[in-house]
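Q: I would like to learn how to read contacts, helix packing and charged pairs in a model of this kind. Could we go through them one at a time?

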Amino acid sequence: MNYNNQIQNERGLLASIMVSDDNSIYDNATTLGISEDCFLESIHRKIFEAMKTLSAKNKPLNEVEVASVLQNEEGIFERINDICASVETSLHWKTFATFL
């Protein structure tokens, strides 16, 4: 798989997790073996690590909560907003996860 496709799949999975109504997509993805090590982009790894932290505290994994964990990262709110805008629904999360 080429780099651009990998990045799009990373963005798609992260967005799917953040736009879903609950943490089940994150839980299912981690059950499939997805971890921060699966992400090429460092910001994507940081976002997934933030999700891991929030999940351990039973907090929602939406864009506001994830951004609050990463608030010291310059431009994080814009980056997360851009990632979330890349999907309209979380229905295709498994397709994105399969290609990571």
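Q: Which residues does L100 touch, not counting residues up to four places away in sequence?

A: Before reading any contact, keep in mind that this is a predicted model. With neighbours up to four places away in sequence set aside, L100 touches Q6, N9, E10, L13, I34, C38 and F39. L100 itself lies in the segment after α6, and the C-alpha atoms of L100 and Q8, which are 92 residues apart along the chain, are separated by 9.9 Å.

Q: Is L100 buried, exposed or partly exposed?

A: The class follows from the relative accessible area, where buried means under 20% and exposed means over 50%. L100 has 24% relative accessibility and therefore counts as partly exposed.

Q: At what angle do the axes of α1 and α5 cross?

A: For helix α1, residues 3-19, and helix α5, residues 76-84, the axes come within 8 Å and cross at roughly 95°. Because angles of 65 to 115 degrees fall in the perpendicular class, the two helices are described as roughly perpendicular to each other.

Q: Which residues make the contact of α1 with α5, and of what classes are they?

A: From α1 the contact takes R11, L14, A15, M18 and V19, and from α5 it takes I80, D82, I83 and C84. By class there are seven nonpolar residues, no polar ones and two charged ones in the contact of α1 with α5.

Q: Which residue forms a salt bridge with D82?

A: As a general idea, side chains of opposite charge can pair when their charged atoms come close. Here D82 pairs with R11, and the closest N and O atoms are 3.2 Å apart. R11 is buried, with a relative accessible area of 15%, whereas D82 is partly exposed at 43%.

Q: How many salt bridges does a search of the whole structure find?

A: The search finds three. One of them joins E36 and K52, with closest N and O atoms 3.7 Å apart; E36 lies in the loop between α2 and α3 and K52 in helix α3, so the pair ties together parts that are 16 residues apart in sequence. E36 counts as buried at 15% relative accessibility, while K52, at 44%, is partly exposed. Another joins the side chains of K46 and E73 at 3.1 Å, N to O, and links helix α3, where K46 lies, with the loop between α4 and α5, where E73 lies, 27 residues apart. K46 counts as partly exposed at 30% relative accessibility, and E73 counts as partly exposed at 28%.

Methods: Residues numbered from 1 in each chain as written. Predicted model: local features only at pLDDT ≥ 70, side-chain atom pairs only at ≥ 80, totals over all residues. Heavy atoms only, no water. Axes fitted to C-alpha atoms, helices over the stretch in contact; angles between N-to-C directions. Helix = DSSP H or I, 4+ residues; strand = E, 2+ residues; numbered from the N terminus. Parallel < 35°, antiparallel > 145°, perpendicular 65-115°, else oblique. Contact = heavy atoms within 4.5 Å. Nonpolar A, V, L, I, M, F, W, Y, C, P; charged D, E, K, R; others polar. Salt bridge = Lys/Arg side-chain N within 4 Å of Asp/Glu carboxyl O. Buried < 20%, exposed > 50% of the residue type's maximum accessible area, 1.4 Å probe, protein only.
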